[in-house]
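Welcome, and thanks for taking a look at this one with me. Here are some notes to read alongside the structure.

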Amino acid sequence: MAPFSWRTAGRALGLLGLIVILTLSSSAAAAPLDSTEFAPGTAAFSVQFGETEIVHRLMAVTMMPDSTVRIATGSGLEAGGYRLEAAPPLTHRRAGPSWLLTAPSAPGLYPVVITAPTSGVSVRLQVFVLSPWDHEGRRLNGYRIGQYEMDPRHGRAVYEPPEGFVEVTAENKDALVSPHFRLDQFLCKQTDGTPQYALVRPRLLRHLERVLAAVNDRGHEVSTLHVMSGYRTPYYNRAIGNTTEYSRHLYGDAADIYVDADGDRWMDDLSGDGRTTRADANLLADIVRSLPTPGDERFEGGLSAYGATAAHGPFVHLDLRGRPARW
């Protein structure tokens with residue numbers, strides 16, 4: 001594998017809005033997802049990016065253009081200790097035991113690497129600057145998004161209309177957004193063309209990584225989960241007949257998933273009974289339910305198992321709405 005370079009990374013991943021991906025090595029960002037050997041994606045040290053704790057070696061988070069975010073390691077940063085390298089036009093400066101990272105005006109992906117002083121291991125942050133949207137009209141640069149509800153449901157912040165979106169191009173849609181998931185797994189299915197716009201929340205990615213690790217721990221060897229549906233625009237959500245105006249898919253923290261080790265785009269036989277039924281979805285839902293959502297003591301979100309239809313096999317819906325919901 002060629003050595004890491006800012007120029008190569010920038011060209012390969014292109015414009016994506018401010019999402020920050022953290023990884024222990026440059027090779028991890030290009031690691032194939034079809035490997036038969038699963039390795040946990042935990043980092044050697046945690047990084048605090050604003051209010052988001054990153055514990056995986058590769059993880060996506062978002063920022064707006066020209067905004068500033070505080071970055072620190074889990075153990076704090078001593079002078080002459082951890083080293084931060086940022087790709088221009090990102091700028092950074094020390095602020096006591098941490099750094100202040102400032103985004104450029106232009107949307108795009110700008111890598112950052114934090115290196116530990118003694119071990120030399122690194123966490124890489126791929127900073128994606130979001131494309132802002134003022135919700136005037138129903139298209140962003142020609143891409144049809146539709147209309148969000150402007151009044152947050154029950155006044156909760158998680159239902160605030162998004163300020164911006166990840167710009168997805170042909171060059172960056174295959175970019176990893178966590179150790180075992182790529183951006184293209186979460187794209188809205190309203191078009192195959194690019195550019196398009198998407199949302200992927202770090203809390204969702206962190207939970208999916210934990211679910212994937214638990215699936216492997218229970219003997220089902222798989223390198224990623226199949227994401228049947230990730231982000232949806234309000235336009236697409238209504239076009240497929242979903243009348244839920246506050247669907248978490250619209251906010252980037254929901255995913256319809258199943259285990260598909262053989263790549264046949266159908267849920268695997270998790271129960272071992274020689275069939276693929278809703279029982280297999282129930283087993284996956286049990287795994288999801290057993291894992292607390294990031295920052296919580298239990299699973300706080302929406303969860304449901306679905307059986308097969310003529311259009312799809314069994315799957316599990318999960319979302320991080322911040323309160324338990326089952327249907």
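In which sense do strand 20 and strand 21 pair, and over how many bridges? Please keep in mind that this is a predicted model.

1. Let's begin with that question. Strand 20 (residues 302-306) pairs with strand 21 in the antiparallel sense, over five bridges. To find the pairing by eye, look for Ser304, whose bridge partner in strand 21 is His317.

2. Strand 21 has another partner too. Strand 19 (residues 254-258) runs antiparallel to strand 21, and four bridges join them. Here Ile257 has Val316 of strand 21 as its bridge partner.

3. How covered is strand 21 (residues 315-319)? Five of its five residues are buried.

4. Next, have a look at helix 4 (residues 278-290). The buried residues of helix 4 are Asp280, Ala281, Leu284, Ala285, Ile287 and Val288. Because they cover an arc of only 155 degrees around the axis, they sit on the same side of helix 4. As background, an α-helix has 3.6 residues a turn, so residues three or four places apart point the same way.

5. What covers those buried residues of helix 4? The cover includes helix 2 (202-217), along with strand 19, strand 20 and strand 21. That brings us back to the strands in the points above.

6. Now for the aromatic side chains. The whole structure holds 10 aromatic pairs. One of them is Tyr143 with Tyr197: the ring centres are 5.9 Å apart and the planes lie at 55 degrees, so the pair is tilted. Tyr143 belongs to strand 13 (residues 143-144) and Tyr197 to strand 17 (residues 196-198), so the pair ties together parts that are 54 residues apart in sequence. Both Tyr143 and Tyr197 are buried.

7. Tyr148 and Tyr251 also pair, with ring centres 5.7 Å apart and planes at 70 degrees, which makes the pair edge-to-face. Tyr148 is in the loop between strand 13 and strand 14 (164-168), and Tyr251 is in the loop between helix 3 (234-239) and strand 19, 103 residues apart. Tyr148 counts as buried at 3% relative accessibility, and Tyr251 is buried at 1%.

8. Finally, ring pairs link Trp133, Tyr148, Tyr159, Phe165, Tyr231, Tyr246 and Tyr251 into a cluster. Over the face of Tyr159 you will find Arg248, 4.5 Å from the ring centre.

Technical notes. Residues are numbered from 1 along each chain as its sequence is written. This is a predicted model: local features need pLDDT of at least 70, side-chain atom pairs count only at pLDDT 80 or more; totals for chains, interfaces and linings use all residues. Side-chain values use heavy atoms; hydrogens and water are left out. Buried means under 20% relative accessible area, exposed over 50%, partly exposed in between (1.4 Å probe, protein chains only). Helices (H or I, at least four residues) and strands (E, at least two) are DSSP runs, numbered from the N terminus. Two strands pair if DSSP finds at least two bridges between them. The arc is that of the directions from the helix axis to the C-beta atoms. Contact means heavy atoms within 4.5 Å. Rings of Phe, Tyr and Trp (its six-membered ring) pair if their centres lie within 6.5 Å; planes under 30 degrees apart count as stacked, over 60 as edge-to-face and the rest as tilted. A charge sits over a ring if NZ of Lys or CZ of Arg is within 6 Å of the ring centre and within 35 degrees of the ring normal.
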